[in-house]
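User: I have a two-chain model open and would like to go through how it is put together. Could you take me through it piece by piece?
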Amino acid sequence: MTSRVIELQPQAASGCGQANVLRERGQREVFCGLTGIVWLHRKIQDAFFLVVGSRTCAHLIQSAAGVMIFAEPRFATAIIDERDLAGLADAQDELDRVVARLLERRGDIRTLFLVGSCPSEVIKLDLSRAALRLSQRFAPQVRVLNYSGSGIETTFTQGEDACLASLVPGLPASNETSLVVVGALADVVEDQFARLLAQVGVRNVGFLPARHSDAMPAVGANTRYLLAQPFLADTARMLENRGARRIAAPFPLGVEGTTRWLQAAAAAFGIGAEVVEQVTASARTRAEAALARQRQALQGKSIFFFPDSQLEPPLARFLSRELGMRLTEVGTPYLHREHLAEELALLPASVRLSEGQHVEKQLDRCRAERPDIVVCGLGLANPLEAEGLTTKWAIELVFTPIQGYEQAADLAELFARPLRRRELLAA
Amino acid sequence: MQLTLWTYEGPPHIGAMRIATAMRDLHYVLHAPQGDTYADLLFTMIERRARRPPVTYTTFQARDLGGDTAELFKTAAREAYERFQPQAMIVGASCTAELIQDDPGGLAAALNLPVPVVALELPAYQRKENWGAAETLYQLVRRLAGPSVPTAGTTRERAAGQPARCNILGPTALGFRHRDDLREVHELLQRLGIGIHVVAPLDATPADLARLGEADFNIVLYPEVALPAALWLQRNFGQPLVKTVPIGVGATKEFIREVAALADVDPQPALDDPRSRSTWYARSVDSTYLTGKRVFVFGDATHAVAAARVVSQEFGFTVVGIGTYSREHAREVRDAAKLYGVEPLITDDYLDVEARVAELQPELVLGTQMERHIAKRLGIPCALISAPMHVQDFPARHAPQMGFEGANVLFDTWVHPLMMGLEEHLLHMFRGDFEFHDGAAASHLGHSGPKPPAQAAGAEANAVAAPVAAATGAAPPRVPAGPIVVSDWAPEAQKELQKIPFFVRGKARRNTERFAAERGVALITVETLYDAKAHFGR
């Protein structure tokens with residue numbers, strides 16, 4: 001089976017581009033940015049994440065993490081108590097004490113993130129001052145950074161954005177021509193992309209975040225960066241401030257997305273599409289064959305997305321174009337029009353995009369629609385199943401390697417499995 | 001500020017959610033930022049509830065803080081009432097909303113909703129989940145049953161020939177085996193001919209709470225949740241309360257006698273239950289190997305105290321440590337600790353618990369989800385007795401802790417993780433057997449038993465060189481070994497030490513080293529090892 005490289009420029013006439021987007025306000029059934037710690041602490045292997053927050057924050061992370069999968073995780077919470085609030089204890093002194101105790105226990109830590117939360121933001125606890133002071137105290141062994149993962153400022157994956165943005169000012173400077181791939185990817189995916197980009201002929205490729213604190217990529221005026229995730233608005237802005245320029249591309253989900261993503265990177269360095277075609281031929285053939293099997297289960301099935309990770313538009317594009325699924329509503333917590341321009345152009349004009357959330361009204365629409373499968377958060381999944389709908393937990397799409405050719409069929413399978421299961425159990 | 005890796009209890013509004021989710025026709029409007037909605041998954045995923053908790057969150061964002069979060073709350077409360085039409089509502093704030101001081105109670109009152117609205121003050125920076133649950137139930141009961149409080153001096157009287165009726169207070173959503181305990185207690189009361197007036201909060205409506213005062217007495221199944229409400233009912237309606245928690249055969253019999261006395265019925269029909277097997281099982285000869293098994297107990301106060309009583313009086317184990325994370329009920333645990341002559345551990349710091357377990361080297365840990373992980377890391381068998389727990393602790397089958405069937409369940413689940421009797425002896429006799437090496441877990445545990453490092457398998461070859469960590473058959477505890485000055489081990493003594501079963505070897509090593517240090521013995525020989533064994537022999 002041969003495959004053709006997809007045209008770099010999408011058809012101008014198609015796509016939902018600037019189509020009407022339903023914007024809603026009401027209860028948002030989403031995680032806050034602290035949740036990103038669950039995968040970021042596995043990705044950056046010498047980093048520790050210290051949430052400065054309440055018991056709720058600690059409870060959230062351990063609940064979202066499935067509770068204690070790791071012997072000793074590299075995250076913890078400094079729980080603010082009434083003494084801190086009443087001013088009986090100086091919060092900055094308290095923080096120094098907690099950090100000292102922590103670093104004493106963990107000599108292997110090179111980067112410590114102080115992670116702001118809703119309560120720390122509301123009481124205006126200055127974590128940047130704390131980070132600066134603690135950095136001086138523990139240099140050069142440990143660098144202390146800060147970002148906010150609070151629910152009042154960040155939704156779920158935006159926590160990763162805030163974390164990566166906090167890394168950017170400390171990246172080494174370099175004027176060499178280079179490519180930085182931005183967004184936490186599973187190690188296996190990162191390795192595949194590194195190989196493919198090298199074979200295509202792109203030199204000097206770095207990944208942000210790197211797996212170790214001393215391996216973070218350099219950045220400068222001749223750096224081009226390529227987003228691997230759609231939720232990195234702040235990180236992109238920080239990189240632009242360092243002189244780096246974005247390569248516009250769809251996201252590397254599915255065969256089409258991955259090819260266009262690699263083509264965009266190649267084009268930015270003057271490498272032709274035919275080189276990408278040649279290098280990726282066998283991987284594409286393999287992926288398309290694997291996708292064909294999943295298509296049998298998914299073709300013509302309707303899907304409804306509740307907002308969760310901002311991955312919804314690229315996922316919807318993949319499911320509709322490569323698997324023939326019918327999109328009903330595609331909800332996303334936030335729609336970054338510039339970073340998603342290429343994706344929106346590829347979505348069918350009939351799709352209903354929604355931004356923000358009023359969960360009760362959205363549930364009403366979902367029930368009225370009776371889609372074949374619903375993508376939603378953990379709080380909604382079982383109740384919807386009990387109502388007879390088939391669901392896919394959105395969080396799994398963030399925790400699972402789904403990008404690139406070799407994972408395209410795995411990604412499709414995540415949607416096919418609940419449908420297959422429902423058939424099995426009904427039999 | 002407290003450095004926390006894991007927390008035993010959630011914040012107090014989670015306790016309020018456990019009450020609201022347990023009840024019917026009650027709705028909770030929670031002033032909280034986005035992200036706090038994670039709490040829904042505790043109920044829908046961990047407990048596998050098929051319905052969303054009846055909670056509306058305002059999910060305010062930073063941009064709302066400059067504007068009108070109060071208006072946001074009012075809109076959410078109004079819409080929630082219109083959509084769900086509950087019999088009553090509770091309103092309150094989570095930790096962040098507490099800081100912005102919007103006064104949900106006042107705002108809700110201004111809406112003039114046509115149902116009772118109970119405002120909750122749950123100080124998130126002082127209190128925790130169980131307290132929040134107890135406070136919520138107390139406030140609801142006070143508000144809803146308050147109007148029917150009789151005038152002072154009224155005496156309670158039951159019409160002649162009318163069977164006694166009681167309320168059962170305490171079972172909540174996300175409770176440890178609450179559903180199953182309730183069924184057992186229900187059956188016990190049925191056998192006694194005692195009527196059940198209201199069960200609350202589980203499956204109760206606000207209207208049910210309003211008629212709590214009509215019952216003759218109250219059973220407090222879970223004091224952590226129900227005691228304040230039951231005490232209020234006692235004060236205002238003169239309802240006596242039963243505080244004995246029927247966990248274990250002994251406590252179940254006490255419970256039966258107590259309720260029978262209050263209901264003025266004969267306890268006998270309930271006391272002899274042919275399904276009660278745990279007493280005989282504990283007496284049967286194969287159980288002799290349970291004698292003196294060293295047990296560490298940790299959990300909420302009620303379950304910890306009950307578990308300690310059961311293992312010591314009904315199973316013949318030895319309690320070597322007991323503790324709780326609930327400071328509100330620390331006194332009960334301190335009293336129990338005195339009974340067993342051990343130091344109570346009152347802490348919600350997971351690291352303290354881990355240090356204590358590592359130090360005591362028990363043969364069995366009865367604890368929570370946290371202790372399960374501590375025990376796993378230290379290679380010690382463990383069973384769960386208390387919240388917090390995980391999805392596997394909500395079994396599909398009936399698995400109560402209370403009543404006679406509950407005692408049967410306790411026997412099975414606490415004895416199961418231990419090495420079976422004969423197997424333990426064989427393991428002791430044939431240390432060199434290729435299938436009985438240190439790495440082999442009890443056969444009935446399959447591959448899920450403790451797994452010492454691979455090199456321990458070749459015990460003979462590596463015995464001398466094996467580091468302490470390998471010899472204890474577990475990852476090294478992250479706890480300092482204490483002030484002991486370690487003597488050197490002669491190679492043959494080291495080899496002899498390897499012949500001691502791995503699950504007591506750590507203790508043997510410590511004891512021998514302590515023995516040697518106290519006597520100024522520089523080199524531990526085989527003689528020293530056996531001298532120490534004789535000295536400390538139990």
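Analyst: Domain bounds, to begin with, come from an automatic or database domain assignment. This is a predicted model, in which local features need pLDDT of at least 70 and side-chain atom pairs count only at pLDDT 80 or more, while totals for chains, interfaces and linings use all residues. Residues are numbered from 1 along each chain as its sequence is written, and chains are lettered from A and ligands numbered from 1 in the order in which they are written.

User: Into which domains is chain B divided?
Analyst: Chain B is divided into domain 1 (12-129), domain 2 (160-271), domain 3 (278-415) and domain 4 (452-536). Taken over C-alpha atoms, the centres of domain 2 of chain B and domain 3 of chain B are separated by 25 Å.

User: And how many residues from domain 2 and domain 3 of chain B does the contact take?
Analyst: Two residues are in contact if their C-beta atoms, placed from the backbone, lie within 7 Å. The contact takes 20 residues from domain 2 of chain B and 25 residues from domain 3 of chain B. On the domain 2 side, α8 (178-192), α10 (223-237) and α11 (249-263) of chain B each supply at least two residues, and the largest share, six residues, comes from α8(B). Helices (H or I, at least four residues) and strands (E, at least two) are DSSP runs, numbered from the N terminus.

User: What is that side of domain 2 of chain B like by class?
Analyst: The side of domain 2 of chain B that touches domain 3 of chain B has ten nonpolar, four polar and six charged residues. Here Ala, Val, Leu, Ile, Met, Phe, Trp, Tyr, Cys and Pro count as nonpolar, Asp, Glu, Lys and Arg as charged, and the others, Gly among them, as polar.

User: Switching to the two chains, how many residues does each give to the contact?
Analyst: The contact takes 47 residues from chain A and 47 residues from chain B. Elements that give two or more residues to the chain A side include α2 (55-64), β3 (75-79) and α15 (378-386) of chain A, and α2(A) provides the largest share, eight residues. By class, the chain A side divides into 26 nonpolar, eleven polar and ten charged residues.

User: Which strand of chain B is joined to β3(A)?
Analyst: Three bridges join β3(A) to strand β1 (residues 2-4) of chain B, and the two run antiparallel, with Ile79(A) standing opposite Gln2(B). Two strands pair if DSSP finds at least two bridges between them.

User: Now the sheet in chain A: what is the strand order?
Analyst: Six strands of chain A form an open sheet in the order β1-β12-β11-β10-β13-β14, with parallel pairing. β1 (21-24) and β14 (391-393) of chain A stand at the edges, each with a single partner strand, so one side of each is left without a neighbour in the sheet. Neighbouring strands are turned by 20° against each other on average, direction ignored; axes are lines fitted to C-alpha atoms, for helices over the stretch in contact, and angles run from 0 to 180 degrees between N-to-C directions.

User: What are the bridge partners of Ile303(A)?
Analyst: In β11(A), the partner of Ile303(A) is Leu327(A), and in β13(A) the partner is Ile373(A). Strand β10 (residues 302-305) of chain A runs parallel to β11 (residues 326-332) of chain A, joined by three bridges, and three bridges also join β10(A) to the parallel strand β13 (residues 373-376) of chain A.

User: Which helix lies across β13 and β14 of chain A?
Analyst: That helix is α15(A), which runs at about 160° to β14(A).
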